[in-house]
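Please look through the sequence and the structure shown below before reading the report.

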Amino acid sequence: MFESTLDLLLNISLFIISIATLGLVYRVIKGPSVPDRVMALDSIGINLIAITAITSIMLRTDAFLEVILLIGVIAFVGTVAFSKFLQKGEIIEYDRDN
Amino acid sequence: MTETINTFIGVVVLLGSLLSLVTTIGLIRLPDVYTRSHAASKSATLGVLLILVAALLYFWFADNYFSARLVLGIVFVFITAPVAGHLISRAAYYTDVPLWEKTVQDDLKTRERPKTKKEVENRQKAHSEA
């Protein structure tokens, strides 16, 4: 079924990461507080980076490496925006009145 | 030789995915948001770093192509994932998410904390007066 040991190991790893991402979806749905959900969403973004890297090894192509960078940047900016919004109620501060 | 290197790369990828599984187990099993941030920031970062290093090694040995974009991604994830974990647990503490009931010590408790809602009200008052 698999051509080499590398393919077998990559498929096992992809399966394990899929299970891990499903568990994180459980935490996103159930999580008692909003920071729990944001933290689980951040971990889902990190798992997406790992899935993209494994897929680009499996397909033997380097076309997905920009996707890794983009998902990383977008996940980080999303987490920072969510945490600033939770803490202060606004994301970009205008401190012109003091 | 190539088969040995490929198997080594596969084992590194498997280690990284097992660390991602550890992240999920921590996020599901641990009791409150602060201990969960401990699991989410450390092991998720290490797991994705192992997988990205394995991809870098694979393209280096198989295609003889050292990907600078992948190095950039590794450095970026290594810098930003702990920063994101720190920011989200800080936001959790300032929005009064309760600690676990068996917590024995809270070092930030005695200090004067900025009350976020009061700050927002003061700011709105200043806006309406102006």
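## Overall makeup of chain B

This is a predicted model, and what is said here should be read with that in mind. The secondary structure of chain B consists of four helices and zero strands, and along the sequence they follow the pattern α-α-α-α. Chain B has 130 residues, of which 35% count as buried. Among the contacts in chain B with a separation of 6 or more, 62% are between residues 24 or more positions apart.

## Helix 1 of chain B

As background, an α-helix has 3.6 residues a turn, so residues three or four places apart point the same way.

## How helices 1 and 2 of chain B meet

Helix 1 (residues 2–29) and helix 2 (residues 33–62) of chain B have axes that come within 8 Å and cross at roughly 165°. Because angles over 145 degrees count as roughly antiparallel, this crossing makes helix 1 of chain B roughly antiparallel to helix 2 of chain B. The crossing of these two helices is left-handed, and their contact has, by class, 20 nonpolar, seven polar and one charged residues.

## Where chain B touches chain A

Between the two chains, 52 residues of chain B are in contact with 46 residues of chain A. On the side of chain B that touches chain A, the elements giving two or more residues are helix 1, helix 2, helix 3 (68–94) and helix 4 (116–129) of chain B. Helix 1 of chain B gives the most to this side, with 16 residues. Sorted by class, the side of chain B that touches chain A has 33 nonpolar, 16 polar and three charged residues.

## Helix 2 of chain A

Helix 2 of chain A is mostly covered, since 18 of its 25 residues are buried. At 1.5 Å a residue, those 25 residues should span 36 Å, which agrees with the 36 Å between the end C-alpha atoms of helix 2 of chain A. Just after this helix, A:R60 takes a positive phi of about 55°.

Methods: Residues numbered from 1 in each chain as written. Chains lettered and ligands numbered in written order. Predicted model: local features only at pLDDT ≥ 70, side-chain atom pairs only at ≥ 80, totals over all residues. Axes fitted to C-alpha atoms, helices over the stretch in contact; angles between N-to-C directions. Parallel < 35°, antiparallel > 145°, perpendicular 65-115°, else oblique. Left-handed = near helix turned anticlockwise from the far one by under 90°. Nonpolar A, V, L, I, M, F, W, Y, C, P; charged D, E, K, R; others polar. Contact = placed C-beta atoms within 7 Å. Buried ≥ 20, exposed ≤ 12 C-beta atoms within 10 Å, placed from the backbone. Expected span 1.5 Å × (residues − 1).
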